Structure formats: C-alpha cells, structure tokens
Amino acid sequence: MNITIVKSTLNSSHFPLIHQNPCFLPRISSSIIPKTLSYNHPKFHSITASSNSNNQNKPTSMRDSRWSLQGMTALVTGGTRGIGHAVVEELLGFGAIVHTCARNEVELQNCLKCWENQGFKVSGSVCDVSSMEQRERLMDTVSSLFDGKLNILINNVGTNIRKPMVHLTSQDFSTLMMTNFESVFYLSQLGHPLLKASGCGNVVFVSSVSGFVSLKSMSLQGATKGAINQLTRNLACEWAKDNIRCNAVAPWYIKTTMVEKVLSNEEYLDEVYSRTPLSRLGDPAEVSSLVAFLCLPASAYITGQIICVDGGMTINGFYPKIDFQ
Ligand SMILES: NC(=O)c1ccc[n+]([C@@H]2O[C@H](COP(=O)([O-])OP(=O)(O)OC[C@H]3O[C@@H](n4cnc5c(N)ncnc54)[C@H](OP(=O)(O)O)[C@@H]3O)[C@@H](O)[C@H]2O)c1
C-alpha cells in the first residue's frame, strides 16, 4: 500500500482544537471506502492511502479514524444484559478495549468468556454501582488496567420501581436515587481524572424518555432520569475545557429483561405500539449504535445533548384513528 501524506496549507493556529485534540489524529486502517471520496482539499491535514491499479478502493485514513475507537479504553456499567451488553459489543466492534461490571458474577464470567472467545479485549468486575465503596474499587481497577486513562465512560445501569406517587416509600426513594442517580454522579466524578488524562474523554449516560414526558407510575424514576439529563448538560459545559464530551441517550421501550414483565401484558403492549409512531419496540442494538456514535471522533462537535431513541414516541402529538379532514 502506498501512503501519501496530504499536508495542510493552514497551520494549527487556524484550527487549534482540532489539531490539539488526539481524537482527531488520523490513523491508517484497512477498511474500504468508495474511491470517489477524497479528502485532499488543502484544509484537511490527513494521511491517505492512495489507490493503485490492483486495488481501486483503498482507504482514506481520515475517514477511518473518524469512525474508529481503535485502542480507546472504555468502562460500561451493567454490561451483562440488555442495553449495556449491546453497548459493550458495539464498542468492542469499533476497536475499543472494554471493562464492564455487574452484580451477578456467574453471568459476568459467562459474558467475558464469550467475548474473549471472539478475540475481544475485555475484562470485568463484580460491582454494585449503588455502593460508594464498590464504585471506588471499580474505578481503581479501571485506573490500574488502563494506566490511569479512560476514554469512554458509559453510565448505563438503572432500574425502575413503578408505583403511584402516594405509594412510594422512603426505601423506594433511596433505591432509585442510589442506583439511577447517585451511581452515575459519583462514577462520573471518580472517572473525571482518568477521562481528563486520556486527552479525549466521552461520557454517555443512559437516560430515558421518562426524563422528558410523564409516564404512569414513574414520577420517581422519571425524576432520576430528568436529573441525569441536566447533569449531562452541566458536565458538558464544565468539562469541555478538559476535552471531555458528555451526552445522553433516552430510550423508550427496548426489548430487555428489565421490561419483560410489563410488556408481557398484551393489552399494555398494544397501547405501547399505538403510542409509538414506528409501532414497535426498540432493540438494544438500536441504542448501542447511538451510544457508540456519541463516542466516535465522528461526533466530536456534539456535547450536552440528550437524544431520544424512541420510535418517535416523544414527538408524537395527536393522531386519531378515525379518518376526518
Ligand atoms: N429497557 C428499556 O425499555 C429501557 C427504557 C428506557 C431506559 N432504559 C435504561 O437503560 C438502562 C439499561 O436498562 P436495561 O433495560 O438494559 O436493563 P437490564 O436488561 O435489566 O440490564 C441491566 C444490566 O445492569 C446490571 N445492573 C443492574 N443493577 C446494577 C447495579 N446496581 N450495579 C451493577 N450492575 C447492575 C445488570 O446485571 P446484574 O443484575 O447482574 O447486576 C445488567 O447487566 C437503564 O438505565 C434503564 O433505565 C431502559
């Protein structure tokens, strides 16, 4: 493969952030892009692999590096099932080195074995993220594994207790606040030095549509997700100077063990479908793809956003079934 260096006519002072940010450093990769795509405009400082007669579709590394997490380190909480499991697989697929955690050791070991058999670089800790002591131990492990540097923190763990407001107990309050909000608040705080040290950090929170719209019997859970949404915006501004982006994804119903029981009620499921413009449930991989995108250099100008993955549920207005003008 012939390597051509396309030099910029502009010096780094024209684009100081881009040139100083290691997220933008071009890498050579072997994936294929259409030969019509070209980045040899003088504005671009990139390394491209030029095509020859044997292989017309050679890669352009600037594009490849924007869509790669090769060598990036990641912590994904709750990676043994559901959305977290899909996120681990998505990040591994993009080349990241991933550490995950869950409370159930057997499930964790099974997942790790399965991923290792596929040749992925992955490790895990048994950890309950609602415990301060266990969170600290988790971050110590991550720090020693990744040499004090973490590129990606996915705050995925969350739970739900569905009850009308007047039936919620103080125990319910503590459980939901500790698992959904306290955990992500302190994990982000503990992770900050590692994210900063990486030179290119990304935090993605797994929120919920319940942080935007009212859902029956979910006043407390919705409040924890609403808190996550505002934390996302605040950290995006506070940590921008440290080259750390913070975003959140907000799913509606996604097919995971967490919602299996409530969705086993067919009448309820029909109501969910009729409230959702795309008339179906989401798949964990439809959330993990967005999470990965938000960690990629390709999304480097996006921070402080909470993006719904909801089949259109939160923008749905009034569409009566009866037909009239
Ligand atoms: N599924 C949906 O429809 C939906 C919709 C909106 C938002 N969400 C959000 O998406 C996130 C993931 O939900 P999910 O549906 O994928 O859940 P899930 O299928 O129940 O999976 C949860 C994962 O997190 C782990 N986990 C749970 N509590 C934990 C704790 N205290 N400490 C450490 N690990 C813990 C679980 O393993 P262990 O049990 O072994 O700990 C498992 O790996 C949550 O924040 C949830 O609020 C989900």
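K241 sits out in the open: at 67% relative accessibility, K241 counts as exposed, where exposed means over 50% relative accessible area, buried means under 20%, and partly exposed is in between (1.4 Å probe, protein chains only). Before going further, keep in mind that this is a predicted model, in which local features need pLDDT of at least 70 and side-chain atom pairs count only at pLDDT 80 or more, while totals for chains, interfaces and linings use all residues. Residues are numbered from 1 along each chain as its sequence is written, and side-chain values use heavy atoms, with hydrogens and water left out.

So what does K241 do with its side chain? K241 meets the side chain of D242 in a salt bridge of 3.4 Å, N to O; a salt bridge here is a side-chain nitrogen of Lys or Arg within 4 Å of a carboxyl oxygen of Asp or Glu. D242 itself is buried, at 8% relative accessibility. D242 also forms a salt bridge with K196, with 3.7 Å between the closest N and O atoms. K196 lies in helix α6 (residues 170-198) and D242 in the loop between α7 (219-238) and β8, so this pair ties together parts that are 46 residues apart in sequence. Helices (H or I, at least four residues) and strands (E, at least two) are DSSP runs, numbered from the N terminus. K196 is partly exposed, at 45% relative accessibility. Put together, K196, K241 and D242 are linked in a network of salt bridges.

The count of salt bridges comes to seven. Another one joins the side chains of K163 and D172, at 2.7 Å, N to O. Here K163 is partly exposed at 26% relative accessibility, whereas D172 is buried at 9%. As background, side chains of opposite charge can pair when their charged atoms come close.

Now step back to the whole protein. There are ten helices and nine strands, and buried residues make up 44% of the 325 residues.

What about the inside? A nonpolar core is a set of buried Ala, Val, Leu, Ile, Met, Phe, Trp, Tyr and Cys residues joined through side-chain atoms within 4.5 Å. The largest one has 31 residues, and L69, L91, V98, I152, I154 and V249 have the most contacts inside it. At least two residues of this core come from each of β3 (73-77), α3 (82-93), α4 (105-117), β6 (152-155), β7 (201-206) and α10 (284-295). The largest share, six residues, is supplied by α10. Take I152 as a way in: leaving aside neighbours within four places in sequence, I152 is in contact with L69, M72, T73, A74, L75, L91, L195, N202 and C295. Apart from this core lies another, of 27 residues, including M139, F146, L150 and L187. In soluble globular proteins, nonpolar side chains tend to be buried together.

On to the aromatic rings. Rings of Phe, Tyr and Trp (its six-membered ring) pair if their centres lie within 6.5 Å, with planes under 30 degrees apart counted as stacked, over 60 as edge-to-face and the rest as tilted. The count comes to five aromatic pairs. One of them, Y253 with Y268, is edge-to-face, at 6.1 Å centre to centre and 85° between the planes. This pair links distant parts of the chain, 15 residues apart: Y253 is in the loop between β8 (244-251) and α8 (260-263), and Y268 is in helix α9 (residues 266-275). Y253 is buried, with a relative accessible area of 8%, while Y268 is partly exposed, with 30%. Elsewhere, F181, F185 and Y186 form one aromatic cluster.

Which residues come nearest to the ligand? Of the 27 residues around the ligand, T80, R103, N156, I254 and T256 do; a residue belongs to this group if one of its heavy atoms lies within 4 Å of the molecule. An N or O atom in the side chain of R103 is 2.7 Å from a ligand oxygen atom. For T257, the corresponding distance to a ligand oxygen is 2.9 Å, and for K225 it is 3.0 Å.

Finish at N234, in helix α7. N234 is partly exposed, at 40% relative accessibility. N234 and C246 are twelve residues apart in sequence and 8.8 Å apart in space, C-alpha to C-alpha.

Terms used. Contact means heavy atoms within 4.5 Å. A polar contact is a pair of N or O atoms within 3.5 Å; within protein, one must be able to donate a hydrogen and the other to accept it, and residues adjacent in sequence count only if both atoms are side-chain atoms.
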